[in-house]
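Hi everyone, thanks for making time this morning. I'd like to walk you through one structure, starting with its charged pairs and ending with its backbone.

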Amino acid sequence: MEPLNVGFALTGSFCTFRRAQYVMRSLKEKGYNVIPIMSFHAATLDTRFGKAADFVSEIEEITGNRVIASLPEAEPIGPKKLLDILVIEPCTGNTLAKLALGIADTPVTMAAKSHLRNLRPVLIAISSNDALAGAAKNIAMLQNYKNVFFVPYTQDDPAQKPNSIVADFERTEDAILSALQGKQLQPMLLK
């Protein structure tokens, strides 16, 4: 049996990149073909969490595949049916808004648009400080879209950041398997 081709897209929630790398490594070790995709900012901005070039290099080493980091590289994902599923982990509020409104101006949003044209699943792992504020309407819109699923999520610090949500990255593989069957992994909202 051929390994599943999992597109793994990272957007600018830099504080969660190490957790995303752990998930990529776990999927790779279990036999998945992990194809990394990064938004312009994720692939180029140095932050207090690390240097962009180091993240790109580490991700390519983990997956054994080159990072897709441009629109021309992301566009063929749909026409060539390169992926079985696209995971966006972490997915920021900015990317949620673009996905909800059909804007495809980054490698990640282009990959999603291109992949969805084949009625294949997109799995979103939210990581946003305004998920229960400005981004809430976009989450609600996406929850009603066909072939869009979510990694179960929870408030990460209700006392200090009451609008912040982060996905439970440890449930990513289970969410992948569920989405491939056309089902949302439950419960979606965690305590």
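This is a predicted model: local features need pLDDT of at least 70, side-chain atom pairs count only at pLDDT 80 or more; totals for chains, interfaces and linings use all residues.

Let's begin with a salt bridge: glutamate 58 pairs with arginine 18, and their closest N and O atoms are 2.5 Å apart. This pair ties together distant parts of the chain, since glutamate 58 sits in helix α3 (residues 52-63) and arginine 18 in helix α1 (residues 17-29), 40 residues apart. By salt bridge I mean a side-chain nitrogen of Lys or Arg within 4 Å of a carboxyl oxygen of Asp or Glu.

Residues are numbered from 1 along each chain as its sequence is written, and side-chain values use heavy atoms, with hydrogens and water left out.

Back to our pair. How accessible is glutamate 58? It is partly exposed, at 27% relative accessibility, and arginine 18 is partly exposed too, at 46%. For these words, buried means under 20% relative accessible area, exposed means over 50%, and partly exposed is in between, with a 1.4 Å probe and protein chains only.

How many salt bridges does a search of the whole structure find? It finds 5. Another one joins glutamate 173 and lysine 30, at 2.6 Å from N to O. Here the partners are 143 residues apart: glutamate 173 belongs to helix α8 (residues 172-180), and lysine 30 to the loop between α1 and β2 (33-38). Lysine 30 counts as exposed because its relative accessibility is 53%.

A further bridge runs from lysine 98 to aspartate 105, with the closest N and O atoms 2.9 Å apart. Is lysine 98 buried or exposed? Lysine 98 is buried, at 17% relative accessibility, whereas aspartate 105 is partly exposed at 37%.

The largest pocket holds about 220 Å³ of space. Its lining has 18 residues, and the closest to the centre are Ser13, Cys15, Ser127, Ser128 and Asn129. Which elements supply at least two lining residues each? They are α5 (93-101), β4 (122-128) and β7 (165-167). By class, the lining has 5 nonpolar, 10 polar and 3 charged residues.

For the record, the pocket search uses a 1 Å grid over the protein atoms alone: a pocket is an open set of points where a 1.4 Å probe fits, with protein on both sides within 12 Å along at least five of seven lines, and lining residues have an atom within 4 Å of a point.

Tyrosine 145 lies in the loop between α7 (136-143) and β5 (148-150), and tyrosine 145 is partly exposed at 32% relative accessibility.

Helix α6 (residues 107-116) is mostly covered, with 8 of its 10 residues buried; among them are Val108, Met110 and His115. Valine 108 is 68 residues from phenylalanine 40 in sequence, yet their C-alpha atoms are 8.6 Å apart in space. Phenylalanine 40 is in helix α2 (residues 40-44) and is partly exposed, at 34%. Alanine 9, in strand β1 (residues 5-10), is buried at 0% relative accessibility.

Finally, the backbone. The peptide bond from glutamate 89 to proline 90 is cis, with omega near 5°, and proline 90 is in strand β3 (residues 85-91). Glutamine 186 and proline 187 are also joined by a cis peptide bond, with omega about -10°; proline 187 falls in the segment after α8.

Where is leucine 119 found? Leucine 119 is in the loop between α6 and β4, and its phi is near 60°, a positive value in a residue other than glycine. Leucine 119 is also exposed, at 58% relative accessibility.

Definitions and conventions:
Helices (H or I, at least four residues) and strands (E, at least two) are DSSP runs, numbered from the N terminus. Grid points are joined across faces, edges and corners, and a volume is the space filled by probe spheres set on the points. Ala, Val, Leu, Ile, Met, Phe, Trp, Tyr, Cys and Pro count as nonpolar, Asp, Glu, Lys and Arg as charged, and the others, Gly among them, as polar.
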